[in-house]
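Please examine the sequence and the structure shown here before reading on.

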Amino acid sequence: MTTISGEFSVGMTVRDAEAQSASIGRMLLDKQYHGALEARGAGQMLATHGSVAGSAAYVALETVTGSLQGREGSFALVHQGRMDRGQPSLDISIVPDSGTGALTGLAGRMQIRVEGHQHFYDFDFTLPTP
């Protein structure tokens with residue numbers, strides 16, 4: 001298992017909710033990863049909230065395209081985040097068999113840290129030897 005860390009920026013564009021699910025918000029994600037992961041992330045996020053303040057959830061799918069430690073390709077991430085009365089939990093993992101190019105066979109998990117207004121990632125992964 002290899003672990004890398006770096007900074008990323010994220011932009012979100014709000015999209016209109018569908019009439020059938022007005023309480024579910026939808027956003028487009030646009031991320032730029034820096035460090036050992038130099039890549040662009042693009043995806044979509046769905047979010048909703050509970051009836052108690054501080055309770056909410058989101059799910060997202062994201063395609064990351066660029067280079068990981070110099071190896072070019074892409075892979076997909078699946079996000080599942082929850083807030084249970086203010087207590088956060090977040091699971092971000094690589095979609096199995098989603099790696100392409102030199103990232104074929106990539107597996108692992110990512111964590112996100114927010115310090116002040118800066119976003120950071122900690123990425124634990126395995127990648128077959130080329």
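In the hairpin of E5 and E6, two residues stand between the strands, and Arg85 takes a positive phi near 50°. The strands named here are DSSP runs of E with at least two residues, numbered from the N terminus. The model is a predicted one, in which local features need pLDDT of at least 70 and side-chain atom pairs count only at pLDDT 80 or more, while totals for chains, interfaces and linings use all residues. Residues are numbered from 1 along each chain as its sequence is written, and side-chain values use heavy atoms, with hydrogens and water left out.

**The barrel and its strands**

Eight strands close into a barrel in the order E1-E2-E3-E4-E5-E6-E7-E8, with antiparallel pairing. Neighbouring strands of this sheet are turned by 25° against each other on average, direction ignored; the axes behind such angles are lines fitted to C-alpha atoms, and angles run from 0 to 180 degrees between N-to-C directions. Two strands count as paired if DSSP finds at least two bridges between them. In general, strands of a sheet pair through backbone hydrogen bonds, either parallel or antiparallel.

Strand E3 (residues 37-49) pairs with strand E4 (residues 56-68) in the antiparallel sense over 13 bridges, and Gln44 has Leu61 in E4 as its bridge partner. E4 is in turn joined to strand E5 (residues 71-84) by 13 bridges, again antiparallel; here the bridge partner of Tyr58 is Gly81 in E5. E4 and E5 form a hairpin with two residues between them, and Gln69 in the turn has a positive phi of about 50°. Eight bridges join E5 to E6, which also run antiparallel, and Met83 stands opposite Pro88 in E6.

**Buried and exposed residues**

How accessible are individual residues? A residue is called buried under 20% relative accessible area, exposed over 50%, and partly exposed in between, with a 1.4 Å probe and protein chains only. The table lists some residues by this scale.

| Residue | Relative accessible area | Class |
|---|---|---|
| Phe123 | 0% | buried |
| Phe125 | 2% | buried |
| Leu46 | 39% | partly exposed |
| Gly105 | 40% | partly exposed |
| Ser5 | 41% | partly exposed |

Leu46 is placed in strand E3. Together with Ile24 and Val59, Leu46 makes a nonpolar surface patch of about 220 Å². Patches consist of residues with over 30% relative accessible area and no salt bridge, where like charges are joined within 9 Å and nonpolar side chains (Val, Leu, Ile, Met, Phe, Trp, Tyr) within 5 Å. A salt bridge is a side-chain nitrogen of Lys or Arg within 4 Å of a carboxyl oxygen of Asp or Glu. Accessible areas come from the Shrake-Rupley method with a 1.4 Å probe, and for residues only the protein chains shown count as cover.

**Sequence and space**

Ser5 lies in strand E1 (residues 2-15). Ser5 and Gly35 are 30 residues apart in sequence and 7.2 Å apart in space, C-alpha to C-alpha. Gly105 is placed in the loop between strand E6 (87-94) and strand E7 (107-115). Gly105 and Gly116 are 11 residues apart in sequence and 35 Å apart in space, C-alpha to C-alpha.

**Aromatic rings**

Rings of Phe, Tyr and Trp (its six-membered ring) pair if their centres lie within 6.5 Å; planes under 30 degrees apart count as stacked, over 60 as edge-to-face and the rest as tilted. By this rule there are four aromatic pairs. Phe123 and Phe125 form a tilted one, with 5.1 Å centre to centre and 40° between the planes. Phe8, Tyr33 and Tyr121 form one aromatic cluster.

Definitions and conventions. Helix = DSSP H or I, 4+ residues; strand = E, 2+ residues; numbered from the N terminus.
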